[in-house]
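Have the view up as you read, and go through the points in order.

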Number of protein chains: 2
Amino acid sequence: MDSYAERLASGIRDSQTPTLVGLDPRFESLPETITAGLSKNNPIEVAGAFQVFCKGVIDVVAPLVSVVKPQAAFFEQVGVPGMVALAETISYAREKGLLVILDGKRNDIGSTAAAYADAYLGPPETSAWGADALTVSPYLGEDSLTPFVEVAERRGAGIFVLVKTSNPGGGLFQDIENDQGAVYQHVARQVESLNVSSIGASGYGSIGAVVGATYPEQLGELRRVMPHAWFLVPGYGAQGGTAADVAGAFDEKGLGAIVNNSRGIIFAHAKTPYRERFGNANWQGAVEAATRDMIESLRAETPAGQLTR
Amino acid sequence: MDSYAERLASGIRDSQTPTLVGLDPRFESLPETITAGLSKNNPIEVAGAFQVFCKGVIDVVAPLVSVVKPQAAFFEQVGVPGMVALAETISYAREKGLLVILDGKRNDIGSTAAAYADAYLGPPETSAWGADALTVSPYLGEDSLTPFVEVAERRGAGIFVLVKTSNPGGGLFQDIENDQGAVYQHVARQVESLNVSSIGASGYGSIGAVVGATYPEQLGELRRVMPHAWFLVPGYGAQGGTAADVAGAFDEKGLGAIVNNSRGIIFAHAKTPYRERFGNANWQGAVEAATRDMIESLRAETPAGQLTR
C-alpha cells in the first residue's frame, strides 16, 4: 500500500484542490428537511439524522474534493448510536473514494497510545474504525507520539499532531518560550524529525501538523521548520481565516497543506449568500456552491492554483 | 446535587482509601476462564469478554474502593461493540455506587470542547455516557478548558487536567521553562485558578490534575501550587511508583489525591505473588487481594492512614 503522504498528494492532484470538508454534525444546525419530526432528546433519531446528513454531504463533495474530516466529539455526544453513525460515515466516505481524517485529538502513553492507533488507523481490514489519519495531541511527549507513528507507517496511514492551533487562547501554553523557541516550535521540530523515515516522492512524510489559519505569520515560519510535514489548516471561514491567510502553508507546487472548512460548507444553507439562493429545501445545492467557492478562492489566492495532475 | 469534589471526598472517607482501580481491558491479558473459546478477531466476542471482565472486577472492588477509571482507548480499539461495553461498564459501576472517571484525555476548542463535555460529564439523565469525571489534555489552552469547567460545575461532575505525566518522555514539552516556570507549572496555575468558583467544604474544587507517581518531588511541589485541586496519580505499581512516592500528593487529613492502579490490580492473577495463590481460576480472588494490599500500603506509608469517616 502507498504511504499516506503519497495517497494524500495523489488525491489533491486528482481533485485539483486542497479543500478539506469537515463533518461536524450538530442537530440544531441540520437542515429542517432532515430533522423534521425528530426529537433532539432521542439519540437514535439524532444519530440517524447525522448519518443521513453526513452521507448527503459526502454525495455532494466526493466529486469535488479528496479528503473529509469527521469531528469525533459530535458523534460521541450522542453515545453508542452516535458511534454507529461515525462508523457508517467513515465507511461511506471510503466507499466514495475519499480519504478520511478522524478529528479525535487522541493521545496517551505507551501501550494505550498504541491502542488508539490500532483503533483508528488503517483500512477496515486492520483497524476497527478505518480512518486514513487521526489528529493527535502532543502534550504527553515523544513516547506518546511514537506508537502512533509506528502504526501509521505500517498501515499506510497518517497522523496530524497539534502544533499551533487556531483558537484565541491557544497561545497560553503553546507560546511559552525558552532559548530554543516556543513550545509550538519544539513540537514542530519533533514532528519534522518523526517524518524522516516516511518521506516519499511527494517530498512529504506521514506525520502532519495542525497549524491554524488564524496565524498567517506562523504558517510560513512553520512551513520552513517542517518542510516534510503535511499541514492540516483549521480556522478558515467561520473562525476568520481567509484564502490569503493560508497561502504560506503551501509549497510552490501547491502541495503541503489541506485547508479545512466545516460549518462554512456543511451548513451553507443557513448562511448568506447561499441561504437566499438555496435555503433548506436545496441544502445540498448550498453545500456544493460553498465548496466550489472555496476551491476557487484557494486556487486564486494560494499556490494551490499551481496544482497539476 | 453535591459537587464532584465533595462526592469524591465522601467516597474516599466512606471507603477509607484513595485507591483508584483502573479498568484497562486487554484481550491478551484477560483470565483464560473468560476468554476460552473466544476469538481476538471477533469484535463482538472481545467486547463481550471486556464487559464480563469489567463487571467481574467491579463486583470485587465496589465494597473496597470508591472510584474506578475505565480507559477509553481499549474500548475504542474494539469499534462500536467496544463502545457498547464501555457504556455498560460505566453504567454498572454507577449502579454499584462507584464514582467513574473516564480516562479519555479529550480536548478541543470552543463548541467542540463543549460537545465532549456534554457527551461524558454528568449522570445518564444529562449526558450520553454518564461519567462523573473525564481526563482532559491542556495543549489547546484556556478556551479549550473553560467549556469543560462550565459543564462540570453545572452537572456536579469533574475533570482532571494533564499536568505532569508519569511517562519517561513526558518532560519533552511539559518541562520547557521560561522565567515563570515550566509548562507543567503554568498548567498547574491555570488548574488552580479554574477551581476558585467550585471550592467546597472539603477544601477542593471540581478541576483536578493528573500528576504522575514517577515524579515524587514534583508531587509535593505541585501540591503547593494547586492546594485546591484533587490529584489523580498514575504510575503506581506497573510504572514503578511506590506508596512512599505518592505521599506528597495528599494533605494532612489524607485527602486531595487518588492513586491509580490498573494492571497491578485487574491482572493480578498473572503476577507474583497472586498468581501462585489464586491463578486463572480464582482471578477475582487475586483482584481482591491486590486491592487490599494496595489499600494497606497507602494506609501505612501515606497520609491516607489519617482518613476518618
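**Notes on a two-chain model**

1. Start where the chains meet: 48 residues of chain B are in contact with 48 residues of chain A. Bear in mind that this is a predicted model.

2. Which elements build chain B's side of that contact? Those giving at least two residues each are helices H4 (72–76), H5 (79–95), H6 (110–120), H7 (142–155), H8 (171–174) and H9 (183–195), plus strand S6 (177–178). H6(B) gives the most, with six residues. Sorted by class, the side of chain B that touches chain A has 24 nonpolar, 17 polar and seven charged residues.

3. Over to chain A and its helix H1 (residues 4–15). Just after H1(A), A:Gln16 takes a positive phi of about 60°.

4. Which residues of H1(A) are buried? They are A:Tyr4, A:Ala5, A:Arg7, A:Leu8, A:Ala9, A:Ile12 and A:Ser15. In an α-helix, residues three or four places apart point the same way, because there are 3.6 residues a turn. The buried residues of H1(A) pack against strands S3 (99–106), S4 (133–136) and S5 (158–164) and helix H7 (142–155) of chain A.

5. Back in chain B, look at strand S8 (residues 207–211). Five of its five residues are buried, so the rest of the structure largely encloses it. Side chains in a regular strand alternate between the two faces of the sheet. Here both faces are covered, with B:Ile207, B:Ala209 and B:Val211 buried on one side and B:Gly208 and B:Val210 on the other.

6. What are the neighbours of S8(B)? Strand S5 (residues 158–164) of chain B runs parallel to S8(B) and is joined to it by five bridges, with B:Val161 opposite B:Ala209. Strand S9 (residues 231–233) of chain B is also parallel to S8(B), joined by two bridges; there B:Leu232 is the bridge partner of B:Val210. The chain gets from S8(B) to S9(B) by way of helix H10 (residues 216–225), a β-α-β crossover that is right-handed.

Conventions. Residues are numbered from 1 along each chain as its sequence is written. Chains are lettered from A and ligands numbered from 1 in the order in which they are written. This is a predicted model: local features need pLDDT of at least 70, side-chain atom pairs count only at pLDDT 80 or more; totals for chains, interfaces and linings use all residues. Two residues are in contact if their C-beta atoms, placed from the backbone, lie within 7 Å. Helices (H or I, at least four residues) and strands (E, at least two) are DSSP runs, numbered from the N terminus. Ala, Val, Leu, Ile, Met, Phe, Trp, Tyr, Cys and Pro count as nonpolar, Asp, Glu, Lys and Arg as charged, and the others, Gly among them, as polar. A residue is buried if 20 or more other C-beta atoms lie within 10 Å of its own, exposed if 12 or fewer, and partly exposed in between; C-beta atoms are placed from the backbone. Two strands pair if DSSP finds at least two bridges between them. A crossover is right-handed if, with the strands pointing away from the viewer, the path from the first strand over the helix to the second runs clockwise.
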